[in-house]
Amino acid sequence: MSIDLKTIKHISKLSRISVDEKKGEKLAGDLNSIFDFIEKLNELKTDNVEPLTSVAETTLKLRSDEVKSKNIREQIVKNSPQDNEDYFVVPKVIE
Amino acid sequence: MSDITKQSLTELVENIKNKKLSSTDITKSFIERSEKSKELNAYITDNFTSALDKAKKFDQKPNLDLKLPGIPMAVKDLFCTKDVKTTAGSKILNNFVPTYESTVTENIWNEGAILLGKLNCDEFAMGSSNETSFFGNVQNPIDKNLVPGGSSGGSASALAGQLTPITIGTDTGGSIRQPASFTGTVGLKPTYGSCSRYGIVAFASSLDQAGPMAQNVKDCALLQEVISTYDPKDSTSIDFKRNQYSKELNNNIKGKKIGIPKEYRVDGMPKEIEDLWQKGIQYVKECGAKTIDISLPHTSYALPTYYIVAPAEASSNLARYDGVKYGFRAKGENLIDMYEKTRSEGFGAEVQRRIMIGTYVLSSGYYDAYYLKAQKVRKLIKNDFDEAYKKVDAILTPSTPSSAFKIGEKTDDPVSMYLNDIFTVPVNLAGLPGISIPAGHDSKGYPLGLQIIGKAFDEQNILNIAFAMEEKINFKNKITDWWIE
């Protein structure tokens, strides 16, 4: 398999990480060697195997839906790079 | 007492209980040594002033019934600590001060321990040498310019260098056991669901587990006893009957059946590792256990599986770092541009690489070929262990395929770096407990570890086997204090 610069650009868009030409070429090289290594899985026939989604063989516990933390607005915005009172501030989205 | 930092946790606790040492004495000693150890670069953030205050407070009204009475300790910087900066080794969290505490660290402070500081680690725990940290490389106390392993590299370095009597790390593919092996210390990755993941910066949620690192098996058992609790705040925390691991520690392993998996004899493995493994087999036999040859046929598929599952989960978990709610923000022309620049400037190369792999394997048209395939192979890997455990009580393997390597030696080739975790990754994929204990030295004098893998929730059993082997091995770490200023 081969991951080209076009694919890298597509993945970079999906993952919201800006990638210029130079970085893209390095990434393509790295990803190709990693995927060559991953291709080994194709040696195995897995048509009748159930996928493992969780190693914990217990059913999730139910709990009542109640509010545990109150009045933590200040704590929530405390670490934001930019806020205005109780709101997160971001670059303008709607003109 | 200048030898305070040489004492094990068990000795320190005893000395506090019989009033030979105060928490202030102990805390001061570890702070002094930590301050002289800047060259190791083990700490990202120190908490020394606050630690000394807490130690003094403890001494005024000591509660000696606690399990870690007045014991100072530093922890991996992946655990959220209330009001103390938590970076996960990343630029993107460089200014993040949590407003809450992780359950694992909360459990530790509730037993009387005191936070010394936050320890260096690979960025978001993605790495096997601590070289992906935004805060720089960590030195291995064993030798200059040697990696301490990773991702819990700062934890392993601080522990082996006696800057902290015990510590905790996290292990997604070997991040506790591999650095323990590289530094001549003991590290336990508990069963998935044993320790709460609440408040731990997430990497790959179906694999991540916190665990203890210590100078010996008894200290490790005591810390495991403290950190392993059922926690409703983590939906994958499991409510099972936990042992009093340190009290129930027992070196009688007569009649235990120990599996030796032939697939762990990999191509190109140094003879020293094979010899160490044979020595380990001899030790368990001398302890009265029986060894049985077993097969884990899908072992060689574990790493490729891991490098689909872990990045897939990481790409999803790390979507939260968008420059809006917390952490670093880069300037952008519009919202999308801001996101893209923030993530491009805020994440390091390895993290970006893994997010890209994860995004790709989950993307439209590739999900079945990669992610679903990996989940199916993961099932086969788990089945291998289930089959083996019909015949044996535990499994003995080397911890790593080599001893610690030099800083910079493997940074150019991601795949050769990934191969470090060949013996540890299958354990995470199957959700099992595994412990690495120091078992010998290679020709360069660097430590080598052996790994004991247990059945799910059978931590007591592997701790007991490790305890029995430890007595036989009688390992002495060769630390020369070369870095002390």
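**Entry 1: a pair of helices in chain B**

I began with two helices of chain B. The axes of helix 2 (residues 23-35) and helix 3 (residues 48-60) of chain B come within 8 Å and cross at roughly 165°. An angle over 145 degrees counts as roughly antiparallel. I therefore put down helix 2 and helix 3 of chain B as roughly antiparallel to each other. Their crossing is right-handed. I keep in mind that this is a predicted model.

Next I looked up which residues meet. From helix 2 of chain B I listed B:Ser23, B:Thr24, B:Thr27, B:Lys28 and B:Ile31. Across from them, helix 3 of chain B brings B:Phe48, B:Ala51, B:Leu52, B:Ala55, B:Lys56, B:Phe58 and B:Asp59. I sorted the residues of this contact by class: six are nonpolar, three polar and three charged.

**Entry 2: the three-stranded sheet**

I turned to the sheets of chain B. One of them is open and has three strands in the order 1-3-2, with mixed pairing. Its edges are strand 1 (43-46) and strand 2 (72-76) of chain B, and each of these pairs on one side only. Neighbouring strands of this sheet are turned by 35° against each other on average, direction ignored.

How do strand 1 and strand 3 of chain B run, parallel or antiparallel? They run antiparallel, and three bridges join strand 1 to strand 3 (residues 114-119) of chain B. I picked out one bridge: B:Tyr43 has B:Leu119 in strand 3 of chain B as its partner. As a reminder to myself, strands of a sheet pair through backbone hydrogen bonds, either parallel or antiparallel.

**Entry 3: the eight-stranded sheet**

Another open sheet of chain B has eight strands. I read their order as 4-6-5-10-11-9-7-8, and the pairing is mixed. Which strands lie at the edges? They are strand 4 (166-171) and strand 8 (290-294) of chain B, each pairing on one side only. The twist averages 30° from one strand to the next.

Inside this sheet I checked one pair. Strand 9 (residues 394-398) and strand 11 (residues 447-454) of chain B run antiparallel and are joined by five bridges.

Helix 7 (residues 217-227) of chain B lies across strand 4, strand 5 (186-189), strand 6 (209-214) and strand 10 (434-441) of chain B. Helix 7 runs at about 145° to strand 6 of chain B.

**Entry 4: each chain as a whole**

I stepped back to chain B, which has 15 helices and eleven strands. Its radius of gyration is 21 Å, close to the 23 Å that the globule rule gives for 485 residues, so chain B is as compact as a globular protein of that length. Its C-alpha trace spans about 65 × 55 × 45 Å along the principal axes.

Chain A came next. I found three helices and two strands in chain A. From the N terminus on, the elements run α-α-α-β-β. Why do I call chain A more spread out than a compact globule? Its radius of gyration is 23 Å, well over the 12 Å that the globule rule gives for 95 residues. Its C-alpha trace spans about 55 × 45 × 25 Å along the principal axes.

**Entry 5: where the chains touch**

How many residues of chain B are in contact with chain A? I noted 52 residues of chain B, in contact with 37 residues of chain A. The elements of chain B that give two or more residues to this side are helix 9 (302-317), helix 10 (335-346), helix 11 (349-362), helix 12 (368-388) and helix 13 (414-418). Helix 12 of chain B gives the largest share, ten residues. By class, I have 25 nonpolar, 16 polar and eleven charged residues on the side of chain B that touches chain A.

The axes of helix 2 (residues 21-38) of chain A and helix 11 of chain B come within 11 Å and cross at roughly 60°. That makes helix 2 of chain A oblique to helix 11 of chain B. The crossing is right-handed. Chain A uses A:Leu27, A:Asp30, A:Leu31 and A:Ile34 of helix 2 here, and chain B uses B:Arg353, B:Met356 and B:Ile357 of helix 11. I count five nonpolar, no polar and two charged residues in this contact.

Methods:
Residues are numbered from 1 along each chain as its sequence is written. Chains are lettered from A and ligands numbered from 1 in the order in which they are written. This is a predicted model: local features need pLDDT of at least 70, side-chain atom pairs count only at pLDDT 80 or more; totals for chains, interfaces and linings use all residues. Two residues are in contact if their C-beta atoms, placed from the backbone, lie within 7 Å. Helices (H or I, at least four residues) and strands (E, at least two) are DSSP runs, numbered from the N terminus. Ala, Val, Leu, Ile, Met, Phe, Trp, Tyr, Cys and Pro count as nonpolar, Asp, Glu, Lys and Arg as charged, and the others, Gly among them, as polar. Two strands pair if DSSP finds at least two bridges between them. Axes are lines fitted to C-alpha atoms, for helices over the stretch in contact, and angles run from 0 to 180 degrees between N-to-C directions. Angles under 35 degrees count as roughly parallel, over 145 as roughly antiparallel, 65 to 115 as roughly perpendicular and the rest as oblique. A crossing is left-handed if the near helix is turned anticlockwise from the far one by less than a right angle, and right-handed if clockwise. The radius of gyration is taken over C-alpha atoms; the globule rule is 2.2 Å times the number of residues to the power 0.38.
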